[in-house]
Amino acid sequence: MSSIYDRTDIYDLLEDQTHWSAYKKHWKTLLQGKNVHSFLDVSIGSGSVTLPLCELGVQLAGSDLSEEMIRKCKEKASAAGYEIELKSCDFRKLSCWEGKQFDCVASTGNSLPHVNNDDVLTALEQMNSLVKKGGYLYLDTRNWEKILNEKRRFYLYNPVFAKKCRVNLVQVWDYSSEDTITFNLLYTFEKENQIVQREIFEEKYYPIKKEMILSKLKMMGYTNISVYCFPSYFKMPEFELVDWYCIMAKKND
């Protein structure tokens, strides 16, 4: 089964100006009062989540395992007039950055659960190695505790219109006894009330627990560890109710 990350033409179909504005507001809220001028996203994808940082005057850099995603991110950045440094690499091995230090190092887009829990801890260590003293480590993720508790299977998204087609997305989640979840992404393209194209993708996830992440951050010497709703300008409800959250932690000087 093919991966959605190999098809940037479809991956970005659900992104629009509303999403861009929401991400920009998220970062403006989250970074208020923090001394963040340089920012590395180690799972930048096509740039949808962190490119809005450029409008806030932050110097953005990014890496991703998918060369196709890096190509699309570079294309979008160039079209917007942004100059950002991009590299293709795995967030479990960030030697491509040669020890360069950033005010904030992040993994966005619920990317860490693409690898098993041990590898998540490795990725956090790699990210930490690139955070300046007094800098920040950031990540966002789905609330896997909530997902495992509810075990919903079907997720329907509002349609969008692109290429003169109505594009529908349905996700069907398969829960494995091996503590993994497979997301089946089903796209249909309709024109004149007829389905003219179908695309199916499959992504495997390894649920991660919030306490595992918090414990690792503390072990690495982070303080002022805060958990926010994602986007951060939403009021944080009881954790059991939130679908997606983010963590921002400050590294000791």
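**View 1. Surroundings of H26 in the predicted model.** Leaving aside residues up to four places away in sequence, H26 touches Y138, F230, P231, S232, Y233 and C246, where contact means heavy atoms within 4.5 Å. The model is predicted, so local features need pLDDT of at least 70 and side-chain atom pairs count only at pLDDT 80 or more, while totals for chains, interfaces and linings use all residues. Residues are numbered from 1 along each chain as its sequence is written, and side-chain values use heavy atoms, with hydrogens and water left out. H26 belongs to helix 2 (residues 17-31); helices (H or I, at least four residues) and strands (E, at least two) are DSSP runs numbered from the N terminus. H26 counts as buried because its relative accessibility is 0%. Buried means under 20% relative accessible area, exposed over 50%, and partly exposed in between (1.4 Å probe, protein chains only).

**View 2. Y138 in strand 5.** Y138, one of the residues touched by H26, is placed in strand 5. Y138 also counts as buried, because its relative accessibility is 0%. S177 is 39 residues from Y138 along the chain, and their C-alpha atoms are separated by 30 Å.

**View 3. Helix 3 and its two sides.** Helix 3 has 14 residues (residues 67-80), which at 1.5 Å a residue should span 20 Å; the end C-alpha atoms are 20 Å apart, which agrees. The expected span is 1.5 Å times one less than the number of residues. M69, I70, K72, C73 and A77 are buried in helix 3. An α-helix has 3.6 residues a turn, so residues three or four places apart point the same way. Exposed residues on the other side of helix 3 are E67, K74, S78 and A79. The buried residues pack against helix 1 (8-11), strand 2 (59-64) and strand 3 (85-88). G81 follows helix 3 and has a positive phi, near 85°.

View 4. In helix 6 (residues 210-219), the buried residues are K210, I213, L214, K216 and L217. Their arc of only 160° around the axis puts them on the same side of helix 6. E211, K218 and M219 are exposed on the face turned away from the buried side. Packing partners of the buried residues are helix 4 (117-128), strand 5 (131-142), helix 5 (144-150), strand 11 (222-229) and strand 12 (244-251). After helix 6 comes G221, with a positive phi near 90°.

View 5. Domain 1 (2-143 + 207-249) and domain 2 (144-203) have bounds from an automatic or database domain assignment. Their centres, taken over C-alpha atoms, are separated by 23 Å. The contact takes 24 residues from domain 1 and 26 residues from domain 2. About 2,000 Å² is buried between the domains, with 63% given by carbon and sulfur atoms; buried area is the accessible area (1.4 Å probe) that two parts lose on being put together, summed over both. In domain 1, L14, R142 and P207 lose the most area to domain 2, together 32% of what that side buries.

Methods:
The arc is that of the directions from the helix axis to the C-beta atoms.
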